[in-house]
Amino acid sequence: MEAPPGTTNGEVSLDELRLAARNHGLPLEALRHDLTPAGLHYLLIHFDIPVVDAASWRLEIGGAVARPLSLTLDDLRARPAESRVVTLECAGNGRARLEPRPISQPWLTEAVGCAEWTGVPLRALLDEAGVADDAVELVFRGLDRGIEGGVEQDYERSLTVAEARSDDALLAYAMNGAPLLPQHGFPLRLVIAGWYGMAHVKWLDAITAVTEPFDGYQQTTGYRMYSIDGVPGEPITRIMPRSLMVPPGIPEFMTRQRFVDGSCVLEGRAWSGWAPIASVEVSVDGGESWAPAALEPPRSPRGWSRWTFPWDDPAPGEHVLSSRATDATGRTQPLETPWNIKGYSNNAVERIPVTVR
């Protein structure tokens, strides 16, 4: 396929390498952790990490509300708190495996993490502010500012009033029991469970109720499916089902090719933003045949699920290992996903080359 504008059939560029150095994925061996340590959780940062003075910072809730609020971090911490285990994944996870490759952050499959987020349920603050009956969306603004698509902008995204009032929406000031790190959105971020990472606005400083749908760049242009001709399609919303395996054995440094000595237990994690995981299957022959894995219940309805699979007496030689997840709605991972120009939602099953010695 000839590379359309914004894509390439060539090598990773210096610009992409610069992005890859700023943003990092989860080392797949860290899938062993029920909760991803903050330093191992994936990061995607659009612009610069802002330096925020917690003493002067305020969260402003305004627009179409009866009672505008201006809240300090201490104000938020003084309110009843909730903690929720939530799996986050970048919408572009898997982008670098497409051909032609969309030119952007070159994710393979590691743009994911699962953490416990603590903060204030968003619904409680919206009730306190009194969102107007004619409000249709809430716009969330972060303190990071830059240029994308030729548009200078604050990073902003919106949710419908119903989505913002759901049990999935949390204003988080802590991650895994500790204050947010600067790169994870200190002092406050939105967590909207089940949605791809672009919706979880970091460095949050304003929530504005609006009476018309928000048309900012990140909402209407940035995160959409586009055809090969550049025609905008459906917006990106919830996470498609995916399973990833802890790479077995030991790696070769440069290639990460795996080497295994005899029988072992394969393990991994599976998740979906639509519904709990119903089943995981494993293939040890490049997808020619599949067998069910043992699936453990998640720690949280929005957390990931651990699975295991005994690989007994594998024959010496080359193998390709894969896993695939199916959620309770019946959505399942495909062997291949339809190509799209931005490389979003590529949840094709993984393929891990392994040498049995």
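Here is a walk through the strands, salt bridges, cysteines and cavities of this predicted model.

A few ground rules before we start. Residues are numbered from 1 along each chain as its sequence is written, and side-chain values use heavy atoms, with hydrogens and water left out. Since the model is predicted, local features need pLDDT of at least 70 and side-chain atom pairs count only at pLDDT 80 or more, while totals for chains, interfaces and linings use all residues.

Let's begin with strand 6, residues 112–121. Helices (H or I, at least four residues) and strands (E, at least two) are DSSP runs, numbered from the N terminus. Nine of the ten residues of strand 6 are buried, so this strand is largely enclosed by the rest of the structure. Here buried means under 20% relative accessible area, exposed means over 50%, and partly exposed is in between, using a 1.4 Å probe and protein chains only. Strand 6 runs antiparallel to strand 4, and eight bridges join them; two strands pair if DSSP finds at least two bridges between them. On that side, L88 stands opposite G113 of strand 6. Strand 6 is also antiparallel to strand 9, this time with five bridges, and G119 has A172 of strand 9 as its bridge partner.

If you want a spot to look at, find H319, whose bridge partner in strand 24 is V354.

Another open sheet has four strands in the order 15-18-22-21, with antiparallel pairing. Its edges are strand 15 (242–245) and strand 21 (294–295); each has a single partner strand, so one side of each is left without a neighbour in the sheet. Strand 15 pairs with strand 18 (residues 264–271) in the antiparallel sense over four bridges, and R242 has W271 in strand 18 as its bridge partner.

Now for the charged side chains. The structure holds 18 salt bridges, each one a side-chain nitrogen of Lys or Arg within 4 Å of a carboxyl oxygen of Asp or Glu. One of them is local: R18 meets D15, with the closest N and O atoms 2.9 Å apart. R18 and D15 are separated by about one helical turn because they sit three residues apart in helix 1 (residues 14–22), and both are exposed.

Others reach across the sequence. R79 forms a salt bridge with E128, the closest N and O atoms being 2.6 Å apart. R79 is in the loop between helix 2 (73–78) and strand 4 (82–89), whereas E128 is in helix 3 (residues 122–129), so this pair ties together parts that are 49 residues apart in sequence. E128 itself is partly exposed, at 32% relative accessibility. R165 lies in the loop between helix 4 (161–164) and strand 9 (169–175), and the two partners are 38 residues apart. Both count as partly exposed, R165 at 31% and D127 at 43%. There is a network too: salt bridges that share partners join R32, E267, E296 and R306.

What about the cysteines? The structure holds zero disulfides, a disulfide being a pair of cysteine sulfur atoms within 2.5 Å. Take C114: the closest cysteine sulfur to its own is in C90, 16 Å away, which is too far for a bond. C114 is buried, at 1% relative accessibility, whereas C264 is partly exposed, with a relative accessible area of 21%.

On a 1 Å grid over the protein atoms alone, a cavity is a set of points where a 1.4 Å probe fits but cannot get out, and lining residues have an atom within 4 Å of a point. Grid points are joined across faces, edges and corners, and a volume is the space filled by probe spheres set on the points. The largest cavity holds about 230 Å³. It is lined by 19 residues, with Y42, L44, G197, H200 and K202 the closest to its centre. The second largest cavity holds about 110 Å³; of its 16 lining residues, W271, S272, P301, R302 and G303 are the closest to the centre.

Conventions
1 Å grid on protein atoms, 1.4 Å probe; cavity = no way out; pocket = protein on both sides within 12 Å on 5 of 7 lines; lining within 4 Å.
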